[in-house]
Amino acid sequence: QQMNPKKIAIIANTTWNIYNFRLNIIRKLIAEGHEVIVMAPVDKFITYTESIREVTHIPIRHLHRDSVNPIQDLRLLFELIHLYKKHKPDLILHYTVKPNIYGGLAARLLGIPSVGVITGLGYSLMHEGWINVITRLLYKFFLPFHRKVIFENTDDKALFEKAGLVSASKSVAIKGCGVDTTYYSPNGVVRSLEIITFTFIGRLLYDKGVREFIEAAQMVKKQNKQVQFWLIGDLDKENPSSVRNDDLVRWIRDPDIHYHGATDNIRKFIEQSDCVVLPSYREGMPRVIMEAMAMERPVITTDTAGCRETVDESVSGYLVPVKDSAALAGAMINFIKLDHASRIEMGKHGRAKVLSEFDDRIIADQLYRILFL
């Protein structure tokens, strides 16, 4: 069934999130004739509005993603109610924790149909403690206000259903937010055999398995001289799981560990890597793993929610247990032992999987069907 063009609002906790993960659904909505407004705190990624001129961006002032101040959150709720009243969207798509909770409530109070998207558990649900308890209570209370709740992997969907946070009739899983397979495509440059580069790309959080990456690197180096390890990403100071400065300094004193800082050009580093490694404790759907596979690079990640859906074991890469540096080192050594042709084969399998399952146009189409059909 074709529906009349509508005004759709998309809400997230940063413009960075919109720029990195939501452009495919924004483009799809516009292509289908809808008017799209985005609401998010403004950061340097607001430049996305230059490439998608049809979108209207409305700044949110009171959304502080890591604040646990209830007065701050109350301000956010009132701000969202005000914005939703003023702009009168026909449907609101909420991403990230606070928009899912307070945006869901604001939409319900105004009678606007709303959809929540759970992009991963986030720090609050991955760690025991009072924030975990409160987040669960808020989800339990507010998620029912959404017409549908979309998960970016099947494990998170099952976990929320089992915990009674969402009913199975309302929840649906898709495979992440997709990857741009034309931008992330192999460049035809074949890696030389001299030195093998293992690369970690991501925010420098303990939850992403940075410590395990470093520990595994130290084990692998003892037996293999022709190998180096790259660390790419920023400290995320607002995140409680952020790597401490003194840890980072100690790690990068090691001559075989090269810290490249943060980058806006991930593609360049994937191109120069032999294998991309993400030993994360849990993901929504690990974007960097899909980007690496799209560029025909083998990967190593963990056998955990989100991550395990991306990799076919020993075909496009390796899966290792969470928090197990020795197993990670073992997977790296297995990769080193592969001959050149096997590595190329692994990369090709990875790209084929991304093209058939994770291409961002496929994901945008799936999301669109869930929203409207």
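**Group meeting: a walk through the predicted model**

Buried here means under 20% relative accessible area, exposed means over 50%, and partly exposed lies in between, with a 1.4 Å probe and protein chains only. Helices (H or I, at least four residues) and strands (E, at least two) are DSSP runs, numbered from the N terminus.

Some ground rules before I go on. This is a predicted model: local features need pLDDT of at least 70, side-chain atom pairs count only at pLDDT 80 or more, and totals for chains, interfaces and linings use all residues. Residues are numbered from 1 along each chain as its sequence is written, and side-chain values use heavy atoms, with hydrogens and water left out.

Back to S8. Which residues sit on each face? On one side you have Ile196, Phe198 and Phe200. On the other you have Thr197, Thr199 and Ile201. Both faces are covered.

Now the neighbours. Two strands pair if DSSP finds at least two bridges between them. S8 runs parallel to strand S9, residues 227-232, and six bridges join them. Look at Thr197: its bridge partner in S9 is Gln228. How does the chain get from S8 to S9? It passes through helix H8, residues 210-223, in a right-handed β-α-β crossover. Right-handed means this: with the strands pointing away from the viewer, the path from the first strand over the helix to the second runs clockwise.

S8 also pairs with strand S11, residues 275-278. That pairing is parallel too, over two bridges. Here Thr199 has Val276 as its bridge partner.

Zoom out for a moment. The protein has 14 helices and 13 strands. Of its 373 residues, 55% count as buried. The C-alpha atoms fill a box of roughly 65 × 45 × 40 Å along the principal axes. The radius of gyration is 21 Å, which agrees with the value near 21 Å for a compact globule of 373 residues. That radius is taken over C-alpha atoms, and the globule rule is 2.2 Å times the number of residues to the power 0.38.

Next, charges. Side chains of opposite charge can pair when their charged atoms come close. A salt bridge here is a side-chain nitrogen of Lys or Arg within 4 Å of a carboxyl oxygen of Asp or Glu. How many salt bridges does that rule give? The count is 24.

Take Lys208 and Glu283. Their side chains meet in a salt bridge at 3.0 Å, N to O. The pair links distant parts of the chain, 75 residues apart. Lys208 is in the loop between S8 and H8, while Glu283 is in the loop between S11 and helix H11 (287-294). Both residues are buried.

Then Lys221 and Asp254. Their closest N and O atoms are 2.6 Å apart. This pair also links distant parts of the chain, 33 residues apart. Lys221 is in helix H8, and Asp254 is in the loop between helix H9 (245-252) and strand S10 (257-259). Lys221 and Asp254 are buried.

Glu32 and Lys28 form another salt bridge, at 2.9 Å between the closest N and O atoms. Glu32 counts as partly exposed because its relative accessibility is 28%. Lys28, at 19%, counts as buried. There is a network as well: salt bridges link Arg65, Arg203, Asp236 and Glu238.

Now some loops. Asn153 sits between strand S6 (148-151) and helix H7 (154-162). Is Asn153 buried or exposed? It is buried, because its relative accessibility is 0%. Its C-alpha atom is 6.0 Å from that of Ile174, 21 residues away along the chain.

A word on backbone angles. Most residues other than glycine have a negative phi. Glu296 has a positive phi of about 60°. You'll find Glu296 in the loop between H11 and strand S12 (299-302). Ser314 has a positive phi too, near 65°. Ser314 lies in the loop between S12 and strand S13 (317-320). With a relative accessible area of 45%, Ser314 is partly exposed.

Last stop, Trp130. Trp130 lies in helix H6, residues 130-142, and counts as exposed because its relative accessibility is 54%.

That's the tour. Questions, please.
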